[in-house]
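Have the viewer open and follow along.

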Amino acid sequence: MSTLPGGFLSVRVLRGINLVSCDAKGSDPYVVISLDGQKLKTSVMKKTVNPVWNEDLTLAVMDASAPIKLEVFDKDTFSKDDMMGDAEFDIEALVQMIQMDLEDIRSGTVVRTVRPGGKDSCLADESHIIWDNGQVVQDILLKLRNVHTGVVHLQLKWVTIPGDQGAGGGASAMGGGNGQKSKMARERNAEKNKGSKGSQLETNKKAMNIQCKICMQTFICTTSEAKCKEHAEARHPKNDLYQCFPHLKN
């Protein structure tokens, strides 16, 4: 199991490219991302095979090498939603870059390139990991399986829990601090935390204690009211803000 700094994975689902057309008028696609019992989905885009979602989904992750599953479905009103392809990816390369000392590197620098490899790889093209204004960001294009066409474009970021140094230790969680000291701290903590996967995952999930009561999507505890409002207006225009997030009434 790959050791992770304390925090969450933010998956921005940017767009779909040349997806399968399921109906005469096109498709009504949405994306579902799943990991360790967590299942999050985007909104539905109407009558398009080139949807633009630009939506953020947040996952609690314990093992960077664990495959994260992505599925695309066509929304149907009177029948079961049609599968439009699936793919898998992991965040090992992203986490390795997060744990390095990158503070002296100029923003916009590509710090690593991940190339498609093996018949099971879902990467449609090279994936670049970039140091961007103090954050490590990875753009990936995923080739959908079990269909003849379709690519989904994602952007991945690691979001730290405020005040939680996690398994990576201190400033290294976002690439800061002394690289060698951070490495030693990670090794000590990894040894100390062996067998604690369940408890750490529960800790991470508890920190995601804001939940939309309409779609049940969870958000990190520091999510602002403005972000909640943005979610409500984009995903649930027929409901008001307080139906989605009752805690904001307090």
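## Two asparagines in loops

Start with Asn 18, which sits in the loop between β1 and β2 (29-35). Helices (H or I, at least four residues) and strands (E, at least two) are DSSP runs, numbered from the N terminus. Asn 18 has a phi near 50 degrees, a positive value in a residue other than glycine. At 45% relative accessibility, Asn 18 counts as partly exposed; here buried means under 20% relative accessible area, exposed over 50%, and partly exposed in between (1.4 Å probe, protein chains only).

Asn 133 is found in the loop between β8 (127-132) and β9. Its phi is positive too, about 50 degrees, although Asn 133 is not a glycine. Asn 133 is exposed, with a relative accessible area of 65%.

## What you're looking at

This is a predicted model, in which local features need pLDDT of at least 70 and side-chain atom pairs count only at pLDDT 80 or more, while totals for chains, interfaces and linings use all residues. Residues are numbered from 1 along each chain as its sequence is written, and side-chain values use heavy atoms, with hydrogens and water left out.

## The nonpolar cores

In soluble globular proteins, nonpolar side chains tend to be buried together. A nonpolar core here is a set of buried Ala, Val, Leu, Ile, Met, Phe, Trp, Tyr and Cys residues joined through side-chain atoms within 4.5 Å. The largest one has 41 residues, and Ile 91 and Leu 154 have the most contacts inside it. Helix α1 (residues 92-98) gives the most to this core, with five residues. Apart from this core lies another, of nine residues, including Cys 212, Cys 228, Ala 232 and Cys 244.

What does Ile 91 touch, leaving out residues up to four places away in sequence? The list is Leu 4, Leu 9, Val 61, Ala 64, Ile 68, Leu 156 and Trp 158, with contact meaning heavy atoms within 4.5 Å.

## Ala 93 in helix α1

Ala 93 lies in helix α1 and is buried, at 12% relative accessible area. Not counting residues up to four places away in sequence, Ala 93 touches Arg 112, Val 114 and Ile 129. Ala 93 and Ile 129 are 36 residues apart along the chain, and their C-alpha atoms are separated by 8.3 Å.

## The largest pocket

Pockets come from a 1 Å grid over the protein atoms alone: a pocket is an open set of points where a 1.4 Å probe fits, with protein on both sides within 12 Å along at least five of seven lines, and lining residues have an atom within 4 Å of a point. The largest pocket has a volume of about 740 Å³, counted as the space filled by probe spheres set on the points, with grid points joined across faces, edges and corners.

Its lining has 25 residues, and Ser 10, Arg 12, Asp 56, Lys 227 and Glu 230 lie nearest the centre. Why does the largest pocket lie between domain 1 (7-159) and domain 2 (208-248)? Both domains give residues to its lining, so it lies between them; the domain bounds come from an automatic or database domain assignment.

## The second largest pocket

The second largest pocket has a volume of about 340 Å³. Of the 22 residues that line it, Glu 88, Phe 89, Asp 90, Val 114 and Leu 123 are the closest to its centre. Helix α1 supplies the largest share of this lining, four residues.
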